[in-house]
Amino acid sequence: MLKSAGTTPKLDIEKIKSDFPILRRKVHGKRLVYLDNAATTQKPKQVIESITKYYENYNSNIHRSVHKLAEEATEAFESSREQVSRFINAASPKEIIFTKNATEALNVACRCISENSLKKGDKIVVTEMEHHSNFVPWQQISKRIGCEFDIVNVDEEGILDEEDFEIKIKNAKVLAFTHMSNVLGTINDAKKLTKIAHREGAIVILDGAQSAPHLPIDVQELGCDFFAFSSHKMLGPTGVGCLYGREHLLLEAPPFILGGDMIKEVHREETKWNDLPWKFEAGTSNIADVIGFGEAIKYLEKVGMERIKEHEQAISQVAIEELSKIGEITLYGPRQHYNRGAVFSFNVGKIHPHDVASILDSEGIAIRSGHHCAQVLMEKLGVQATSRASFYLYNDLDDVFALCKGIRRVQEVLS
Ligand SMILES: Cc1ncc(COP(=O)(O)O)c(C=O)c1O
């Protein structure tokens, strides 16, 4: 049982914190308690330095020139791809496409599938807990092609309704769902759902924007056909996302953006696409930040994804206990600390979530308030918005207690 010590037994938090320069700053004269990790995470000095090192030492375009700098930049860029490939256990680095964020990765997947495998009357299935990035593309492509668009229900605890899933997945051609909810923290049993969807002959797209930063990921074990995630939510820079896709699906799919670098040959009448994965990476890539992303993954691997998961479960256990003790709080999402992420959406009586976030900010505590790009889920919960505190590897139990103290302060100020 965890007591009120500041740290959990899983990680050396003080050492980890010391790698993040921003965590040393004060906000409104108070210690920064950064609990907006589901939106974006902070960056360790190793990532920041890798970007500076690139610009100071070998800044150059990639895949083009033969000079030394270009060679070094290309090697660093492609070695990030290998790093990402190993991190999620893809069968080959060819299956890793760099995009600008998870949203773009999901759009690429949607485009690949819709152009090749969908026709009028086909069924696309998503869930009520999707982020807009994994909802709107499918909704819109359904309208354009004339597909049936089904949305699997979420129950009161924020867990996917399995019976409803079993009904809606029948004869589906596409299943797109989130591995971990950015609002509820719910972790879906992606392996099981994927297996059922494959039984129906559906292609499965997994939104890993919230799971890849926090859980060990093995795409081959999960069995999904596509997996999308973002560097900035896992200690890496903004401007880089990633789409994993099974090689044969990527080979069959048309490219998303056309132009330089994604071609092998261009003639007056015809163009031949480049090999994978470059067929999907048109134009100059975000080289520095892809290199920074590789460094972020090295950092996460060094700490260990299993340990990060256990650390966050320990935080969740205490957070659920402590938040539940606060009067008039409504906490959304699963009540069990295991098999859920350390993302806590809540409302405090009738106080507007923006007011909660503003008062917490004055205490140095950074959370998010709003609809979290999940308005379908907000409608289901019967609210316009929630406050959301989300934790990561550099947070500790002191941060949980600071949050709870801050919420009590909100109640004092506004009651
Ligand atoms: C579950 C989920 N999917 C997709 C996204 C989109 O990520 P990005 O903004 O990096 O494209 C987010 C971002 O919050 C998310 O939480």
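View 1. R388 lies in strand β17 (residues 386-390), strands being DSSP runs of E with at least two residues and helices runs of H or I with at least four, numbered from the N terminus. The model is predicted, so that local features need pLDDT of at least 70 and side-chain atom pairs pLDDT 80 or more, whereas totals for chains, interfaces and linings use all residues. Residues are numbered from 1 along each chain as its sequence is written, and side-chain values use heavy atoms, without hydrogens or water. Because its relative accessibility is 1%, R388 counts as buried (under 20% relative accessible area, 1.4 Å probe, protein chains only). The R388 side chain reaches the backbone oxygen of N182 at 2.9 Å. Beyond residues up to four places away in sequence, R388 touches several others, including D36, F344 and H372 (contact: heavy atoms within 4.5 Å).

**View 2. The sheet that contains β17.** Four strands form an open antiparallel sheet in the order β13-β14-β17-β16; strands pair if DSSP finds at least two bridges between them. At the edges, β13 (329-332) and β16 (368-370) each pair on one side only. Four bridges join β13 to β14 (residues 343-348), and I329 stands opposite V348 in β14. Helix α12 (residues 353-362) packs on the sheet and touches β14, β16 and β17.

**View 3. The largest nonpolar core.** Of its 76 residues, F227 and L393 touch the most other members; such a core is a set of buried Ala, Val, Leu, Ile, Met, Phe, Trp, Tyr and Cys residues joined through side-chain atoms within 4.5 Å. Helix α10 (residues 287-303) gives the most to this core, with 10 residues.

Methods
Buried < 20%, exposed > 50% of the residue type's maximum accessible area, 1.4 Å probe, protein only. Polar contact = N/O pair within 3.5 Å; in protein donor to acceptor, adjacent residues only side chain to side chain. Axes fitted to C-alpha atoms, helices over the stretch in contact; angles between N-to-C directions.
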